Amino acid sequence: MSALQAIKFDRELLTLSVLDQLLLPYATKYIPIYTIADAFDVIKRMQVRGAPAIAIVGSLSVVIELSHFVQGKFRDQGYYDLLNVDNLKLQLIKRLEYLVTSRPTAVNLGNAISEITALVTASQATGVDGLFKEILQFGCDLIDDDYTNNVKLGENGKSWILSKLESEGFEGDFGVLTICNTGSLATSGYGTALGVIRSLWNHSKGERSDEEPSGKRAKKALKFSRAYPLETRPYNQGARLTAYELVYEKIPATLITDSMVTYLISTLNKTESAAPIKACVVGADRIVKNGDTANKIGTYQLALICRQFGIKFLVVAPKTTIDLNTKHGDDIVVEQRPSVELQNVSGGVVDPDTGDVLKNHEGIAITGKVGVAAPGIDVWNPSFDITPHDLIDGIVTEDGVMEKVNGEFDLGRLFN
Ligand code: MRU
């Protein structure tokens, strides 16, 4: 697995901790999770975020909460009736209902919790030990499958982009846009949209332009050469997290603000020596039946810009992000975040002379918040927006890349 680990889960010792993503990229601190309530808090505060990661942490917190009874540590035992498994199951289901309210838009958590609820309801276990084993197996499968599927997403997205560009006769270097963070930090590892960029980069490293045969123009190798992550206001997951992953992986990348996309594309298009942007890859928090996609605020306008310039726009997500029960994007509940997340900016405190982040006497970066908005101003802070399916060229899942037929996606086909 990738060395950047958002979630540390020890299946032998039964311990769980999450990397505090609010402190990244300046400080690295893991927060231990002992209960479902702990998971609720880190998810709500966005110390762990990204649709797949939220689902994994939520599910594993159920494993950890039950493990205390199995191991005889009895944390939170006041809540559960340990003498009657039917009562215990009902109490657990109430805890699950509460957990899912931590972040409503990302469907992965809701899907995983529904599956755990169904498992608990159907379980024939006569005691907490049996129930625990079943949920442990579910949690382990969830994290393992997520990783395996991410690698497939990366390959599927990469192959689709390269074959489309090849069939258009495009040659040479190209760039790719992305928004938010969809990498190792948002998943069990590797990532979804950022996984496609990782796979494209791995492919490019092996590509060489053909030697010029006498009298003929050399064919330039088709290769991804640069990622353009958007900073992703208001919480800066692009600037803090995606940029961190790209630097860490040594993938060439240039950070831009969310408002620079149009000018960047037109500038690169006009510059003969530049590698133009040929694709945009984004993740998803919920893809509904018709393909309308909830993702980080800013995704919709990015899709509109891509359409204007004829740039391929791909949504990359595992099938656990698909919600066939919701038919249309208008029916998605979009999470509203606290206004302080827009009014304040968090980060490392910098030395005004050198620009370096200051460290305390233990060598740990000093982080803080500064206000950037006029006090008293009203704020609207939706965390996500909904991109209509007509702006999406393809939905990349572990099963392949689905394109529209007669303008419509048939996502139900993926579950037959
Ligand atoms: O608010 P966040 O940081 O949880 O938003 C995350 C996104 O919008 C991601 O694009 C999405 O969850 C997919 S992550 C693989």
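A salt bridge is a side-chain nitrogen of Lys or Arg within 4 Å of a carboxyl oxygen of Asp or Glu. In this predicted model, K94 and E97 form such a pair through their side chains, at 4.0 Å from N to O. Both residues belong to helix α3 (residues 85-99). They are 3 residues apart, so about one helical turn separates them. K94 is exposed, at 52% relative accessible area. E97 is partly exposed, at 45%.

By this rule, the count comes to 16 salt bridges. Side chains of opposite charge can pair when their charged atoms come close. Another pair joins R11 and D144, at 2.8 Å from N to O. R11 sits in the loop between β1 (7-10) and β2 (15-19), whereas D144 sits in helix α5, so the bridge ties together parts 133 residues apart in sequence. Both partners are partly exposed: R11 has a relative accessible area of 33%, and D144 has 30%.

R286 and D323 also meet in a salt bridge, at 2.7 Å from N to O. This pair links strand β7 (residues 286-288) with strand β10 (residues 322-323), across 37 residues. Here both side chains belong to buried residues: R286 is at 15% relative accessibility and D323 at 6%. Elsewhere, salt bridges link R103, E335, R337 and E341 in a network.

Helix α6 (residues 193-205) has 13 residues. From first C-alpha to last, α6 reaches 19 Å, close to the expected 18 Å. The helix is mostly covered, with 10 of its 13 residues buried. Among them are R198, L200 and W201. The cover over the buried residues of α6 includes helices α5 (128-167) and α7 (237-248), and strands such as β4 (173-178) and β9 (312-316).

Key: Residues numbered from 1 in each chain as written. Predicted model: local features only at pLDDT ≥ 70, side-chain atom pairs only at ≥ 80, totals over all residues. Heavy atoms only, no water. Helix = DSSP H or I, 4+ residues; strand = E, 2+ residues; numbered from the N terminus. Expected span 1.5 Å × (residues − 1). Buried < 20%, exposed > 50% of the residue type's maximum accessible area, 1.4 Å probe, protein only. Contact = heavy atoms within 4.5 Å.
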